[in-house]
Amino acid sequence: MSQTMVGQKVPDIAVLNQDGEKVSLTDFKGKNMVLYFYPKDMTPGCTTESCDFRDYHPEFEKLNTVVIGVSPDDITSHQKFIAKHNLPFTLLADTEQALAKHFDVWKLKKNFGKEYMGIERSTFVINTEGEIVKEWRNVKVKGHVEEVLQFVREM
């Protein structure tokens, strides 16, 4: 069972975005943030989730909220993913899993009888002070983005 992150401040861990620029979660103070961890670019569930965030992006923007996706994929993979699906937000290349481990979403997974380490699909909402105010772990994609948006609206 993962320990809750609610009430904690975001870490000052810098990772590269899709443009190769160092980005830290503390750079977004003054805005709300939806930080979503997903397993892999271009896979069906991750594509659906990312496109849902894309489709609701204008709504999040109206609520002073940035959306940031995080996966272990590299910059090149992120650039292709963004280009293919017109994603209007930042993707972080957490290739060393620094953020994933901090947020306790780097987990032992099983698929077709094989065990491997990977991302447990999870979303965190962070307020303007950089404090984690809500988390969803082991997310099911369908309806998730709407639920996140509803929470941000009520914040």
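1. Glu135 is buried, with a relative accessible area of 16%, where buried means under 20% relative accessible area, exposed over 50% and partly exposed in between (1.4 Å probe, protein chains only). The model is a predicted one, in which local features need pLDDT of at least 70 and side-chain atom pairs count only at pLDDT 80 or more, while totals for chains, interfaces and linings use all residues. Residues are numbered from 1 along each chain as its sequence is written, and side-chain values use heavy atoms, with hydrogens and water left out.

2. Glu135 belongs to strand β9, which covers residues 132-136; helices (H or I, at least four residues) and strands (E, at least two) are DSSP runs numbered from the N terminus. The side chain of Glu135 forms polar contacts with the side chain of Thr4 at 3.1 Å and with that of Arg137 at 3.4 Å. A polar contact here is a pair of N or O atoms within 3.5 Å; within protein, one must be able to donate a hydrogen and the other to accept it, and residues adjacent in sequence count only if both atoms are side-chain atoms.

3. Turning to the whole chain, five helices and nine strands are present, and their order along the sequence is β-β-β-α-α-β-α-β-α-β-β-β-β-α.

4. Of the 155 residues in the chain, 50% are buried. Among contacts (heavy atoms within 4.5 Å) with a separation of 6 or more, 63% come from residues 24 or more positions apart. The C-alpha atoms fill a box of roughly 40 × 35 × 30 Å, taken along the principal axes.
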